[in-house]
Each structure stands twice: as C-alpha cells, then as structure tokens.
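Reader: I've got a model open on my screen and I'd like to learn how to read it. Could you walk me through it?

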Amino acid sequence: MCDEWTAADNDRELGPLTRRGFTIAAAAAGAAVLLPSPANALAVKGRDVTVRTPDGSADAYFVAPAKGKHPGVLVWPDVMGLRPAFRQMADRLAQSGYAVLTVNQFYRSTRAPFLQPGESFDQPAVRQRIEPFRKALTSEGTTRDGAAFVAFLDAQPEVDTRRGIGTTGYCMGGPMMMRTAAAVPERVRAGASFHGGGLASDGPDSPLLLVPKMKGRYLFAVAENDDARAPEDKEKLRAAFDAAKLPVEIGVYPGTLHGWCPPDSRAYNPALAERAWSRLLATLSLTL
C-alpha cells in the first residue's frame with residue numbers, strides 16, 4: 001500500500017521529484033492520456049452519479065456500452081482517488097463490454113478529484129492532506145460501501161443482473177475489492193487486485209480471512225518492490241484460495257514499482273500495465 005516507503009522506492013529508482021520534475025509531471029498529467037482501445041471497441045456513454053450508502057452520498061463515475069445490457073464491474077481507485085486517469089480506464093473497460101462504476105472511496109471526507117494535475121502521493125504535503133481521508137475509512141465502512149455500490153450497479157438498466165459482477169482494486173483498493181467480494185458473494189464472481197497492499201496482514205480484520213466467504217475467480221498482480229518487502233504475502237494468499245477451492249492467478253511483475261498500472265502514476269510501466277490489463281480481461285471473461 002502507498003506509504004513513505006513507496007515514495008522512497010520511487011525516489012531511489014526514478015530519481016527525486018524535484019520542483020522541475022513536478023512541473024513536468026503537472027504538464028504531463030494535464031495532457032490527455034491515450035490508452036489503447038480494445039479491438040472492436042464498443043461505443044460507450046458515461047455520466048457522473050451519486051450513490052446513496054448507509055454512511056452518506058458517494059460521488060462516482062458510471063460508464064457502459066451505449067446499447068444493450070452488460071456485466072457490471074465496480075472499481076476501487078488507488079490512494080489518489082477518482083480522477084481523469086481512472087475515468088479513462090473505466091471508459092476502456094466499458095469499450096470491452098462492461099458496465100463500470102468507479103467510486104470516490106473518500107466521499108466521507110471530500111469530493112473527487114482532490115488533487116491538482118501533477119500532484120503525487122510521493123510528495124509529503126500530499127500525503128499529509130490524504131491521511132485524514134484514509135483515517136475516516138474502516139473495514140466495516142468499506143463493507144457497507146461495497147454492498148451499496150453493487151446494489152447501485154444492479155439497479156442500472158445497462159447492467160445484466162443475470163450475470164455476475166466483477167470488482168477491481170488498485171493499491172488500497174485491493175483490500176476493498178476483497179471486502180466487497182466477501183460482503184456480496186451471491187453477486188460478485190470475479191475480482192482483481194493491482195499492487196494491492198495489506199491483503200495478508202495478521203490482524204483480526206485481515207482481508208485474507210475473508211477468502212472462505214468469497215466466490216468466483218481472482219487475480220492478484222503484485223509489484224516487484226511490494227513482493228520484496230513482503231514475499232510471504234503471495235504464499236498466504238495462494239494457500240487461502242487453494243483451501244477455499246477458488247481459482248486464483250497470483251503473479252509478481254518483474255521490474256515494476258508499486259503503482260505501475262494507472263497511466264498517471266509516477267511508477268507507470270506501459271508494457272507491464274498492458275500485460276496486467278490483459279489478465280484482467282481474461283479473468284472477467286472467464287467468469288462473467
């Protein structure tokens with residue numbers, strides 16, 4: 001999960017984020033990020049939505065193919081929240097035939113987006129700003145949110161409720177994906193975590209303990225530096241899914257840093273992000 005250790009890794013591998021580097025990053029973030037479109041991409045329509053939860057009203061982005069009904073997918077963003085990069089990722093997933101809800105997990109504290117172009121979690125001032133948002137989140141609150149977001153998806157005319165729902169999580173969204181899958185196992189039948197953190201902790205609310213409640217097929221794409229810090233986590237996950245007799249793909253992506261998948265991340269690795277995206281599509285298609 002993103003923390004000061006992640007920032008230190010990025011500084012060591014990518015160089016310090018200087019004032020000049022910040023200016024360059026801001027300019028890059030302000031430009032359009034052109035992700036490849038899938039073959040035979042469907043026309044899609046997106047809209048900003050508000051989702052009622054037991055704890056309030058969450059702002060979110062919903063996008064789906066312009067015609068027909070499709071499996072729903074709930075996306076939990078990384079620590080930098082719902083922003084243009086995740087909207088583009090949602091559009092791309094919808095072009096492949098899914099009805100996608102990407103949420104602002106910090107809705108209790110702020111609306112999204114809450115960062116300026118070029119701002120990064122690597123910057124101490126940004127971490128200080130986000131930390132109160134993180135403290136307002138609890139495992140119980142995330143579980144309530146996940147159930148509410150799945151119910152919202154099922155209520156949309158673009159969603160085919162005869163088919164299962166998928167959920168994905170990036171960084172801190174990895175545990176949120178697992179909590180959602182365990183909260184609504186009758187609906188969630190596929191999940192994916194990308195550079196997720198805290199998945200196999202030793203605490204009483206560890207996501208690892210939820211695996212027996214989950215159903216369907218799962219993907220865990222692990223950053224190389226995350227694996228180096230906690231190499232036993234992937235083995236704990238594999239053992240839990242094997243015991244639950246659930247199909248799972250767990251892989252460490254060599255040469256990647258935490259956060260390599262979102263296209264506006266400082267650690268973005270285009271080639272390996274595409275490999276992870278292809279495994280996401282395979283996971284969803286096999287189950288949904």
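Predicted model: local features only at pLDDT ≥ 70, side-chain atom pairs only at ≥ 80, totals over all residues.

Author: Let's go from the whole chain down to single residues.

Reader: Fine. How many helices and strands are there in the protein chain?

Author: The chain has 9 helices and 8 strands. Of its 288 residues, 55% count as buried. The chain exposes about 12400 Å², and carbon and sulfur atoms supply 54% of that.

Reader: What share of the contacts is between residues 24 or more positions apart?

Author: Taking contacts with a separation of 6 or more, 76% are between residues 24 or more positions apart.

Reader: Now the inside. What should I look for in a nonpolar core?

Author: The general idea first: in soluble globular proteins, nonpolar side chains tend to be buried together. Here, the largest nonpolar core has 51 residues, and Phe62, Leu101, Ile130, Met214 and Phe220 touch the most other members. Helix α6 gives the most to this core, with 5 residues. There is also a second, separate core of 31 residues, which includes Leu35, Ala192, Ala276 and Trp277.

Reader: Which residues does Leu101 touch?

Author: Setting aside residues up to four places away in sequence, Leu101 touches a list that includes Val49, Val51, Phe62, Val73, Val75, Phe149 and Leu153.

Reader: Let me try another threonine. Where is Thr168 found, and what is it in contact with?

Author: Thr168 is found in strand β5, residues 165–170. With 2% relative accessibility, Thr168 counts as buried too. Leaving out neighbours within four places, its contacts include Val73, Trp76, Met177, Ala192, Phe194 and Leu280. Take Phe194: it lies 26 residues from Thr168 in sequence, and the two are 7.9 Å apart, C-alpha to C-alpha.

Reader: And Thr287?

Author: Thr287 is in helix α9, residues 270–287. Thr287 is partly exposed because its relative accessible area is 28%, which falls between the 20% and 50% cut-offs. Aside from neighbours within four places, Thr287 is in contact with Arg189, Ala190 and Arg217.

Reader: How do I read two helices packing together? What is the angle between α5 and α6?

Author: Look at the angle, the distance between axes and the residues that touch. Helix α5 (residues 139–154) packs on helix α6 (residues 173–183) at about 65 degrees, with the axes 8 Å apart. The crossing of α5 past α6 is right-handed. On the α5 side the contact is made by Ser139, Thr142, Thr143, Gly146 and Val150, and on the α6 side by Met176, Arg179, Thr180 and Ala183. Those residues divide into 3 nonpolar, 5 polar and 1 charged.

Reader: Which phi does Asn40 have?

Author: Asn40 has a positive phi of about 55 degrees, although it is not a glycine. Asn40 is in the loop between α2 and β1, and is exposed, with a relative accessible area of 74%. Lys245 also has a positive phi, near 60 degrees. Lys245 is in the loop between α8 and β8 and is exposed, at 74% relative accessible area.

Notes: Residues numbered from 1 in each chain as written. Heavy atoms only, no water. Helix = DSSP H or I, 4+ residues; strand = E, 2+ residues; numbered from the N terminus. Buried < 20%, exposed > 50% of the residue type's maximum accessible area, 1.4 Å probe, protein only. Contact = heavy atoms within 4.5 Å. Areas by Shrake-Rupley, 256 points an atom, 1.4 Å probe, with all protein chains shown as cover. Axes fitted to C-alpha atoms, helices over the stretch in contact; angles between N-to-C directions. Left-handed = near helix turned anticlockwise from the far one by under 90°. Nonpolar A, V, L, I, M, F, W, Y, C, P; charged D, E, K, R; others polar. Core = buried A, V, L, I, M, F, W, Y, C linked by side-chain atoms within 4.5 Å.
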